[in-house]
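Q: I have a new structure open and could use a quick tour. Can we go through it piece by piece?

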Amino acid sequence: MSSYLTSCEKAARAAGDVLKQWRGKFNVREKGKADLVTDADDAAQKVIEEILTADFPEFEFLGEEGPSGVSRKTGSPFCWVVDPLDGTMNYVHGLPNYAVSIGLTEAGKVIAGVIYDPVFDRCFKAEKGQGAYLNDEKIEVSGAQSLDEALIAFSFPTTVSRDSQVIEDFINVLVKTQGIRRLGSAALNLAYVAAGHMDAYWAAFNKPWDVAAGAILVEEAGGIVQGFGNQPFDINKPKIVATATPQLQAELQAQIASS
């Protein structure tokens, strides 16, 4: 494991400890309708930034929390892309489905990532060309090739109207699959696709910190990650379709509006 991934895992585990320590003690604020942030988010991001900037002071840092999202600009091609608490709504309500997500990009391309589930002490990690792992065990995608044999994860935006395109897409996919799950954490959805627990995940309204680490996990586990309309995946754009196989990618893309 490279020094990048070692530091990434160290920071993610430290942040996970912070989240556990804050359970039941935090204040909750609204960033927007149905979009929460807690003291725990802020404390976890602070710990992550301290560890990563100490190990790699020249790297840039992009975190979800803060007035601008960008807390460190250096001109380096390397940038940490961090969600200190992905699944804040679950965390606030006591649901055990949240994670720390840290990705590392080079010139805008993800080269390493860690997703840490502090509740079950499950650390998903991957580095470009080195495969994907759950703790120390190598993981692979499921191999599902069609919607009718697939269990799929999906994320709604924080607000959605009855007549929105995401509702239509959801119904189009739902009727063709074994089932759809909305688990409340994009990072864990992608980690589960990488580990073969889910067969696919799609969403139209993510942010870079939601999907950076998960995207490389899926790719290194043998899966396919694209934007909508079969476009190349770009972490700076919100739309993502991650699947176990090219065949499943094609079927799922055909049910989703690309606009």
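This is a predicted model: local features need pLDDT of at least 70, side-chain atom pairs count only at pLDDT 80 or more; totals for chains, interfaces and linings use all residues.

Q: OK. How is the protein divided?
A: There is domain 1, residues 3-138, and domain 2, residues 151-254. Their centres, taken over C-alpha atoms, are 20 Å apart.

Q: And how many residues are in contact between domain 1 and domain 2?
A: On the domain 1 side, 37 residues are in contact with 24 residues of domain 2.

Q: Which residues touch the most other members of the largest nonpolar core?
A: I115, F124, Y201, L217 and I240 do. That core has 40 residues.

Q: Which elements supply at least two residues each?
A: Several do. Among them are strand 5 (78-86), strand 7 (109-117), strand 8 (122-127), helix 5 (186-195) and helix 6 (208-220). Helix 5 gives the largest share, nine residues.

Q: So where does this core lie relative to the domains?
A: It lies between them, because domain 1 and domain 2 both give residues to it.

Q: Back to I240. What is it in contact with?
A: Setting aside neighbours within four places in sequence, the contacts of I240 include L190, Y201, W202, V211 and F233.

Q: What about the second core, how many residues has it?
A: The second, separate core has 30 residues. A44, L52, F59 and F61 are among them.

Q: Let's look at helix 5. How many of its residues are buried?
A: Ten of its ten residues are buried, so helix 5 is mostly covered. The buried residues include N189 and Y192.

Q: What follows helix 5?
A: G196 does. Its phi is positive, near 85°.

Q: How do helix 5 and helix 6 run, roughly parallel or roughly antiparallel?
A: Roughly parallel. Their axes cross at roughly 0° and come within 8 Å. Angles under 35 degrees count as roughly parallel, which is why the pair gets that label.

Q: Which residues meet there?
A: From helix 5, A186, A187, L190, A191, V193 and A194. From helix 6, D210, V211, G214, A215, L217 and V218.

Q: How do those divide into nonpolar, polar and charged?
A: Ten are nonpolar, one is polar and one is charged.

Q: What else does V193 touch?
A: Not counting residues up to four places away in sequence, V193 touches V141, M198, D199, A200, Y201, V218, A242 and T243.

Q: New topic: D41. Where is it?
A: D41 is in helix 2, residues 39-55. It is buried, with a relative accessible area of 1%. Leaving aside neighbours within four places in sequence, D41 is in contact with E65, P84, L85 and T88.

Q: Which residues other than glycine have a positive phi?
A: A107 is one of them, with phi near 50°. N135 is another, with phi near 55°. Most residues other than glycine have a negative phi.

Q: Where are A107 and N135?
A: A107 lies in the loop between strand 6 (99-106) and strand 7. N135 is in the loop between strand 9 and strand 10 (137-139).

Q: And are they buried or exposed?
A: A107 is exposed, with a relative accessible area of 63%. N135 counts as partly exposed, at 27%.

Terms used:
Residues are numbered from 1 along each chain as its sequence is written. Side-chain values use heavy atoms; hydrogens and water are left out. A nonpolar core is a set of buried Ala, Val, Leu, Ile, Met, Phe, Trp, Tyr and Cys residues joined through side-chain atoms within 4.5 Å. Buried means under 20% relative accessible area, exposed over 50%, partly exposed in between (1.4 Å probe, protein chains only). Helices (H or I, at least four residues) and strands (E, at least two) are DSSP runs, numbered from the N terminus. Domain bounds come from an automatic or database domain assignment. Contact means heavy atoms within 4.5 Å. Axes are lines fitted to C-alpha atoms, for helices over the stretch in contact, and angles run from 0 to 180 degrees between N-to-C directions. Angles under 35 degrees count as roughly parallel, over 145 as roughly antiparallel, 65 to 115 as roughly perpendicular and the rest as oblique. Ala, Val, Leu, Ile, Met, Phe, Trp, Tyr, Cys and Pro count as nonpolar, Asp, Glu, Lys and Arg as charged, and the others, Gly among them, as polar.
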